[in-house]
Amino acid sequence: MGDSKEAGAESPPAGAAARGGLSLLSQGESEEPSAQGSALFLGGNEVKSRAVVKYSSAPPRTAFARLEEKTDLKLPPANWLRESAKLGPAGTTILGNSKKSKPFSSFGMAYDFIDSVGNDVDVVSDSENIKKLLKIPYSKSHVSMAVHRIGRTLLLDELDIQELFMRSSQTGDWTWLKEFYQRLIDQKWQRKKKSKEHWYQKAILSKFLYYSINGDGAAQPVPSAAEQQGPSSSHQATDSDGASWPAPFEMPSSVSEDPSASSQGSEPLEPSYIVGHVASAPKEQNLTTLFNDGENSQGLKNDFVRNILWTFEDIHMLVGSNMPIFGGGRYPAVSLRLRDNNKPINVLTGIDYWLDNLICNVPELVMCFHVNGIVQKYEMIKTEEIPNLENSNFSTKVIKDIAQNILSFLKSNCTKEGHTYWLFKASGSDIVKLYDLTTLCEETEDKYQNPFTMPVAILLYKVACNMMMKKNQNKKHYGTIRTLLLNCVKLLDKSRHPQIIASANYMLSELFQLDEPKKEESSESPLNENSDESYSEEEEELADSDENGSYGTGSDPSDDNKAVAIIKSVGELSVPEKYKSIHQIRPSCTFPVCHDTEERCRLVLSYVLEGLKSVDSSIKKESDLPAADPNTPIPLKYEDESTRGGPEGLEKQMALFLDKMGSLQKGNYSSQSGMIPGSWQHKMKLQLILKSSKAYYVLSDAAMSLQKYGRALRYIKLALQSHDTYCCLCTNMLSEVLLFLSQYLTLCGDIQLMLAQNANNRAAHLEEFNYQTKEDQEILHSLHRESPCQGFAWATDLSTDLESQLSVSCKCYEAANEILQFSDLKSQNPEHYVQVLKRMGNIRNEIGVFYMNQAAALQSERVVSKSVSTAEQQLWKKSFSCFEKGIHNFESIDDATNAALLLCNTGRLMRICAQAHCGAGDEFKREFSPEEGLYYNKAVDYYLKALRSLGTRDIHPAVWDSVNWELSTTYFTMATLQQDYAPLSRKAQEQIEKEVSEAMMKSLKHCDVDSVSARQPLCQYRAATIHHRLASMYHSCLRNQVGDEHLRKQHRVLADLHYSKAVKLFQLLKDAPCELLRVQLERVAFAEFQMTSQNSNVGKLKTLSGALDIMVRTKHAFQLIRKELVEEFDQPKSDESAPAADPSPGLSREEVIKLLSIFESRLSFLLLQSIKLLSSTKKKMSNTEEDVVLKANKQIYSQLLRATANRNSTLLERIDVLIQLLDQLARGGSGGQ
């Protein structure tokens, strides 16, 4: 109608009048769209009333023309029924005619003020219906109204039985109600014709109002203040029957009596609306209205001149009014009434006038009295004085009680959303009955004979849509929205309204947040917040005993089982709080609390499936498709392709995939079912498919965290199949959707990697992977209508081969990365991009390690003398390539730690390559080859790069220590091999010694003996071994070297230094007694070697004394050996079943015996030499101290000889003897110092 809608200001007016007074707004404020406000009425002395004009189509009001006495209203004025621009949008409609509203007038208002429905407003209705209800106790006339519940709002519409049954006799639509009415209420129903008096009164009222616009009776246009009603028929006769009933909604509305419908009359009324991104993009324009052209012809438009939010006491009502309001001069706003002077005003008329003025916020009433159409006089009455007029006194408080009782009665009994209730009072009767027409209708064959079904379903849908748009309402209203949508779907026939059903199911699926945190926020769950908003569809509520008492004696007892509730006498409505609602409303519209992610996703998928079924059923090309049974799994035809070439086949499929991704950017469209791009089916199916892919992704992620990898792969497969179908249907790929695909592929890569790492449980994973629910099969069936779903078959195959699983995982990450490169997703989603690159680096490391281990296994199987095979070299290349790419991935995201680990693994690969080259050649002639040196040096380079990548130990101490240890090991291995297999054919001895020394010192440098850690004993052992080897090398040099005295002295000092350091470190270790013993014996041999070059007895004696001192210090090593032997000896006794093998792998019995024998012989030799030297010096000079030492040494020597001569003594006994002798040696002194 081209009108503006505005919400009135809700603030109470300043300085509201004292009780009993009246507070008014200045002229133009109450209705002008520019400044719509509100006034607080204290109508009479007892009730509070407040009206806010929400919308007005009236032109600015001006003063009415006061007619002269004796004006004959039977004569038409010159402007009668003439068109005039000043008359406002109503055109030639009869001014102020309170035309019977259309059957769906409340729905028209509800559609326009969808925000108020279900929430703030208690009642939506025409003001005529409100007045009729409030006059029930005073009036004998019949009342017939349809009542619908939407949330906490009741919609009231006149249910014109006369009109209805006239229609029934023409079309047969309402025959069931007609039969019910005749059976229970009025057996002799006949159409009552309106009297001539009725038409006479209508005609003079019309002429009076036209005269009032233009007082002089001329036809020229004058500024009109008349408020007009909406478009209607243009002559009186049709006006009385203007409330044309629409056909049931599934039929063409050719029978509509509204002339405005004639142009669309032949079109079927399938509502043509399109639902776009309902909740994913909450913008008003994305959700177009349900009706376009069909709306007007169905009486579903808001054709009131004024829509007012009226608060009467505590009742909030959205009321439609067509009352003409005049103004100007002394009277800012008045209502104009024509009265027959011969008929006094009665209570009903008084209530009528009072309520009209209250609803429209009009402070005064002007009455024009006439006798037989001749104007007599005018009278002005204030609104608050109306209840006290002579002959029409009524109590405003009683009206308030009636209003509260009726609302409580209706709210208590109209409990089911989507049901049509009928409030009926027969003419002259005192009994008011409420019937549930939906239940009665269900007893007939076709439930769609109820023409309210469709408008109610659409209103439920619209209210839900409106709530969905308001994302800021968070979860508070989700329970209400869900109830609205479920009731909407329940009302509709799937075959007739697939679009609304698909859309409603999609919105239901949108209510469940798939990505919400794992824990349920119990404090926020909307369990009891909406208790007054709605009811579950299953709920059956009984009214309390007051309302279900015995019926009046005149009522037919068969009514008992038909009426939902009864008011036994209209007089009860005047009793304050007689029907105060004590109705306990259960919190039935609560949102279901899903205890886990799987349950939530399954609910979403159930709604998605229903939506897909609706869309599919509406696509006509079904006959062209091969029939498929949703219960049988669809055969998948990709096994042969993916299994035939392993990773090589993968490469080909990846190329195809990338080509497809490129074409997506251009927007290629291909649908097998023949959906038209841009149609509602196309848009809705896209949304539903995307939702299903998200749900399957979340399910897969949840299964992954539960370590159910087979199930996770099945779900991610379904997610990718959904996405593949989406890609086939999509004409314009959103970057958000590409991001989803990247996330799906990333998860798929994770799952394939975990399956590769958990190969031992493969049978269970395979079983989980092959299981399918009926729901999943049906969704897949719907997907297969559009696409073969094979786009990602390469990624979701469950292979039994470890290498192909790792390759598939890697390809998934690569594909995910490629997608991020296509659009600007990389910069928009840096976190996801970093995650993808990390995973790529990680999987390349895994594959590199896999190939490296394979190469190592080949190497171990190879015969020692054979040279390196081609297969090994191929594996090295593959492994090296993977490590290199992985390092590049980590470096590109500045992940120094992981880059260092991969560099470390590359170093290990180089060492394996070096080891492979050491096997060639004869073991006895073997030398350290140049290839070994080359690879070891490469390994060293990679380890040093790793350390440089880390920078300092603080960044990641564990990785730093690990790299340091590997580097130390590499240097040590190089030095050891060069020492043991000296390349004398290529290098001089001195050069080799220098290189060994340098490598050993570097190894020592990277061997941290001081830091306390799990690796500390290893480091100490390594350092001790290095010192031991260096000492042995210098010792050997000293033996073999002739000449350069300075160099000999240097070697002697270095050997001594390294021996002493080795001993110190070995003594710290409790598990290396043999090594300690060996070092000490080598030190003794070193002393013996020095003694051979000494000439003086004193010097020799001193060296001997030092050697014996070293012997004494080996006692610690023997004690450790003894302890281990005792433990070994005790263990078989305590556990007979235990094998008698050496329990301590650190102690070799053969080595102990060998070392013991050497020790005994060296100790015997030293003691003998000591005795000889001391005896020779004794002859020359007498020394008491030396005498004691000599005596002690002789005694120890004799005991040692006896002990060694005894061949029967055990190893333990021999050690005990040695410990005892060493004790004596320590006490008796071992030399002459």
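This is a predicted model: local features need pLDDT of at least 70, side-chain atom pairs count only at pLDDT 80 or more; totals for chains, interfaces and linings use all residues.
The protein contains 37 helices and 14 strands. Of its 1233 residues, 54% count as buried.

In soluble globular proteins, nonpolar side chains tend to be buried together. In the present model, the largest nonpolar core has 179 residues. Within this core, the residues with the most contacts are Ile150, Trp422, Leu459, Ile716 and Leu745. Helix 19, spanning residues 735-757, supplies the largest share of the core, with 13 residues. Another core, of 55 residues, lies apart from it, and Met145, Trp310, Leu423 and Tyr579 are among its members. Returning to isoleucine 716, its contacts, leaving aside neighbours within four places in sequence, are with Tyr697, Ser700, Tyr744, Leu747, Cys748, Ile751 and Thr796.

The buried residues are Ser105, Ser106, Phe107, Gly108, Met109, Ala110 and Tyr111.

Next come the helix pairs. Two packed helices are described by the angle between their axes and the distance between the axes. Helix 2 (residues 127-134) packs against helix 8 (residues 347-360) at an angle of about 135°, and their axes are 10 Å apart. Because angles over 145 degrees are needed for a roughly antiparallel pair, helix 2 is classed as oblique to helix 8. The crossing of these two helices is right-handed. Ser127, Lys131 and Leu134 form the helix 2 side of the contact, while Asp352, Leu355, Asp356 and Ile359 form the helix 8 side. Sorted by class, this contact between helix 2 and helix 8 has three nonpolar, one polar and three charged residues.

A second pair is made of helix 26 (residues 896-918) and helix 27 (residues 930-950), whose axes come within 8 Å and cross at roughly 170°. That angle makes helix 26 roughly antiparallel to helix 27. Their contact has 16 nonpolar, six polar and six charged residues.

Helix 28 (residues 957-980) and helix 29 (residues 989-1005) provide another example, with axes that come within 8 Å and cross at roughly 155°. Helix 28 is therefore roughly antiparallel to helix 29. The crossing of helix 28 and helix 29 is left-handed. From helix 28, Ser968, Tyr971, Phe972, Ala975, Thr976, Gln978 and Gln979 take part, and they meet Ile992, Glu995, Val996, Ala999, Met1000, Lys1002 and Ser1003 of helix 29. The contact of helix 28 with helix 29 has seven nonpolar, five polar and two charged residues.

Lysine 691 sits in helix 17, which runs over residues 680-705. With a relative accessibility of 6%, lysine 691 counts as buried, because the cut-off for that label is under 20%. Not counting residues up to four places away in sequence, lysine 691 touches Tyr506, Ser509, Glu510, Phe512, Leu514, Val604 and Val608.

Cysteine 414 belongs to the loop between helix 9 (396-413) and strand 12 (420-425). Although it lies in a loop, cysteine 414 is buried, with a relative accessible area of 0%. Apart from neighbours within four places in sequence, cysteine 414 is in contact with Val147, Arg149, Leu154, Tyr421 and Leu434.

Asparagine 372 is found between strand 10 (364-371) and strand 11 (374-382). It is not a glycine, yet asparagine 372 has a positive phi of about 50°. Its relative accessible area is 51%, so asparagine 372 is exposed. Glutamine 707, in the loop between helix 17 and helix 18 (709-729), is likewise not a glycine and has a positive phi of about 65°. Glutamine 707 is exposed, with a relative accessible area of 53%.

Terms used: Residues are numbered from 1 along each chain as its sequence is written. Side-chain values use heavy atoms; hydrogens and water are left out. Helices (H or I, at least four residues) and strands (E, at least two) are DSSP runs, numbered from the N terminus. Buried means under 20% relative accessible area, exposed over 50%, partly exposed in between (1.4 Å probe, protein chains only). Contact means heavy atoms within 4.5 Å. A nonpolar core is a set of buried Ala, Val, Leu, Ile, Met, Phe, Trp, Tyr and Cys residues joined through side-chain atoms within 4.5 Å. Axes are lines fitted to C-alpha atoms, for helices over the stretch in contact, and angles run from 0 to 180 degrees between N-to-C directions. Angles under 35 degrees count as roughly parallel, over 145 as roughly antiparallel, 65 to 115 as roughly perpendicular and the rest as oblique. A crossing is left-handed if the near helix is turned anticlockwise from the far one by less than a right angle, and right-handed if clockwise. Ala, Val, Leu, Ile, Met, Phe, Trp, Tyr, Cys and Pro count as nonpolar, Asp, Glu, Lys and Arg as charged, and the others, Gly among them, as polar.
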